[in-house]
Amino acid sequence: MPPPRLPVPPVPVPPPLPASVSFTGNRECFLHLLVRGAGLELVTLGFYRFWLVTDIRRHLWSNTVIEGDAAEYTGRGRELLIGFLIALAILMPIYLGYFLISVEAEHMQELASIPLVASFFVFGQFAIYRARRYRLTRTVWRGVRFWMDGSGWLYALHATLWALLAIATLGIALPWRAAALERYKLRHSWYGDLQGAFEGSGWALFKRVWWLGLLMPFAIVIFFAFPFVYARYKAEEWRWWVSGIRFGEVAAESRLEPGAFTDLYWKVIGWYMVLGTAFSIVVGSAVTTVARFSGVPAEQVSVADAVGKSIPFLAVTAIGYLALALGLSVVSRLYLTRDLWTRVLATTDIFNIAAAANVTARGDLASAVGEGIADGLDVAGF
């Protein structure tokens, strides 16, 4: 009699491999793009920035490759310029009305700035949401556009109420605020007919960063410690945010190390010091030149005196300030936008990418007015 057959144990199924994510852009080309854009910004008194921002996004998007397919940014610099001009037409009457009211109520001057700051904060949150909506509707992958619905004013209300709670709790509620706002934004974000969601929790972020919040006041005082503390906080925040993103069954997971950004912040600080020193040398040399021609000792000539006595010095100083600001902008965008983005992508895994294979295109394009308002209030992102 043959021996009984033993049951064959099931073969364990290995977990699915994550989709390949990479960044293929050339760093030297991006630096050339920034330097050229800064020069054109200087010549156009800043108006070229709308085209520069568009070029930056196009570079980042088109070199972000998931499963062999690159994303596409379809926004235009002209859209951003028109959105900014419309936003300016909206903001200028607000500024003017506030000025007239404050003139009529000079006896309450000490409290006059509170309503303006509060209203601009709320307006800024609305602009942040609408700017994100614009960027999302200009993002295409595999021929399908991302898009966004929801109310910018409702988002602004949520952001404001959470901000008040964060103030009341001395910042303790900030992680829960971040989680609540990300849930609102992702819930109203779509890839075709695939709805987004955010799975990160405020408690998870709090456990990562609470001790960094305690160190932050000391790090601000002890200058050399600040880049370490802040860079660690940003790395923890990025890892938490990426790991919480979902679109249907598609999930992202981040392997970002806690010290991934530290050297980037130190490089930015180093370049800031170099550029600041160079600007000081230029201004100092200009003051010496003015003193030589005026016959007054250089140590007795202040920058204000030199500006009043010499139109060429005024021109040199103004151009120097613009060049310094643009130089700092180049450094920040190179290290804290491009290089930071590449490190985030290099440590990101995307699972169940097949769930995004058969989506149906949906959604309408959004106007750039929201981004224009965000730019006018200096709250725009990249």
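These notebook entries record what I looked up in a predicted model.

**Conventions.** I number residues from 1 along each chain as its sequence is written, and my side-chain values use heavy atoms, with hydrogens and water left out. Because the model is predicted, local features need pLDDT of at least 70 and side-chain atom pairs count only at pLDDT 80 or more, while totals for chains, interfaces and linings use all residues.

Entry 1: I began with β4, residues 139-141; strands are DSSP runs (E, at least two residues) and helices are runs of H or I of at least four, numbered from the N terminus. I found β4 and β5 antiparallel and joined by 2 bridges; two strands pair if DSSP finds at least two bridges between them. Trp-141 stands opposite Val-144 in β5. The hairpin of β4 and β5 has 2 residues between the strands, and Arg-142 takes a positive phi near 55 degrees there. On β5 (residues 144-148), I noted that 4 of its 5 residues are buried, where buried means under 20% relative accessible area, exposed over 50% and partly exposed in between (1.4 Å probe, protein chains only). I then followed β5 to β6 (residues 189-191), to which 3 bridges join it in an antiparallel run. Trp-147 stands opposite Trp-190 in β6.

Entry 2: Is Thr-139 buried or exposed? Thr-139 counts as buried because its relative accessibility is 11%. Not counting residues up to four places away in sequence, Thr-139 touches Trp-61, Glu-72, Val-144, Arg-145 and Phe-146; contact means heavy atoms within 4.5 Å. With that exclusion again, the contacts of Trp-141 include Ile-66, Phe-146, Tyr-191 and Ile-353. In the largest nonpolar core, which has 70 residues, Trp-141, Tyr-191 and Phe-261 touch the most other members. Such a core is a set of buried Ala, Val, Leu, Ile, Met, Phe, Trp, Tyr and Cys residues joined through side-chain atoms within 4.5 Å. Helix α11 (residues 311-346) gives the largest share of this core, 8 residues.

**Entry 3: Arg-187.** I located Arg-187 in helix α6, residues 174-187. Arg-187 is partly exposed, because its relative accessible area is 40%. Not counting residues up to four places away in sequence, Arg-187 touches Gln-195 and Gly-196. I also looked up Gly-150, 37 residues from Arg-187 along the chain; their C-alpha atoms are separated by 8.7 Å.
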